[in-house]
Amino acid sequence: MAATTDDSNAPQAIKKKYLGIPEAVFLEDVESFMKQPGNEKAEAVITRLHEQHQKYKFMELNLSQKKLRLKNQIPQITQTLQIVQHMQKKKGSPEPMETHFMLADSVFCKASVPPTEKVCLWLGANVMLEYDIDEAHALLEKNLQTAARNLETLNGDLDFLQNQITTTEVSILPPRLCLPLRAK
């Protein structure tokens, strides 16, 4: 169901918000839950639980895609940072730097790069900006730290979301599967 816990007496420092993901309620006492206003019909309650479950699954799909993008982005940032660091080392040298650059997938070209104080970085959305090498290094360091922090937060959000999905799935189970067998 779309039921969420709202323990307004709980200290805010202890209760962590997970990207606005509502917390699912574990139904320990089905009878008392069904007596609450709005829960008169079992079909309506089951429908709300299924809707909440579908919302959780949709959120899980979106967060998983975001996680995949971040996992792909981190190695790219790291590689670019290594190149910029190499360029910083060669900054004072009068001799050109020999390298290979990619023209297309699996097609590389040998190049001789003269010493430079500037570097161009792709920022995304077909945007490239020129930076001083030191500014580019600082920007890439910041972006790498932000991406790693976002990935860590995202992993926590996905764990929390998976717990909410499991709780909702257990709440949807028919009562005969949840209750212990009674002797007749």
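Is I172 buried or exposed? I172 is buried, because its relative accessible area is 16%, and buried means under 20%, exposed over 50% and partly exposed in between, judged with a 1.4 Å probe and protein chains only. I172 sits in helix 3. Beyond its neighbours within four places in sequence, I172 is in contact with I46, L49, H50 and H53, where contact means heavy atoms within 4.5 Å.

Before going on, a word about the model. It is predicted, so local features need pLDDT of at least 70 and side-chain atom pairs count only at pLDDT 80 or more, while totals for chains, interfaces and linings use all residues. Residues are numbered from 1 along each chain as its sequence is written, and side-chain values use heavy atoms, leaving out hydrogens and water.

**The overall layout**

Four helices and four strands make up the protein's elements, and from the N terminus their order is α-α-β-β-β-β-α-α. Helices (H or I, at least four residues) and strands (E, at least two) are DSSP runs, numbered from the N terminus. The protein has 184 residues, and 25% of them count as buried. If you look at contacts between residues at least 6 apart in sequence, 56% join residues at least 24 apart. The accessible surface is about 13,500 Å², with 56% belonging to carbon and sulfur atoms; such areas come from the Shrake-Rupley method with a 1.4 Å probe, and for residues only the protein chains shown count as cover.

Now follow the strands. Strand 1 (residues 97-104) pairs with strand 2 (residues 107-113) in the antiparallel sense over seven bridges; two strands pair if DSSP finds at least two bridges between them. F101 has C109 in strand 2 as its bridge partner. Two residues lie between these strands in their hairpin, where S106 takes a positive phi near 65°. Strand 3 (residues 118-124) and strand 4 (residues 127-132) are also antiparallel, with six bridges. There, G124 is partnered by V127, and A125 in the two-residue turn has a positive phi of about 55°.

**Salt bridges**

Three salt bridges are found in the whole structure. The term means a side-chain nitrogen of Lys or Arg within 4 Å of a carboxyl oxygen of Asp or Glu.

| Pair | N to O distance |
|---|---|
| K57 and E60 | 3.3 Å |
| K91 and D134 | 3.2 Å |
| D132 and K118 | 2.7 Å |

D132 in strand 4 and K118 in strand 3 are 14 residues apart, so this pair links distant parts of the chain. D132 counts as partly exposed at 29% relative accessibility, and K118 does at 39%.

K57 and E60 are three residues apart in helix 2 (residues 42-89), so about one helical turn separates them.

**Along helix 3 and beyond**

For residues 137-164, an unreviewed UniProt entry lists a "coiled-coil region"; such annotations may be inferred rather than shown by experiment. In the model this span is 100% helix, and its end C-alpha atoms lie 41 Å apart. L173 belongs to the loop between helix 3 (133-172) and helix 4 (175-178).
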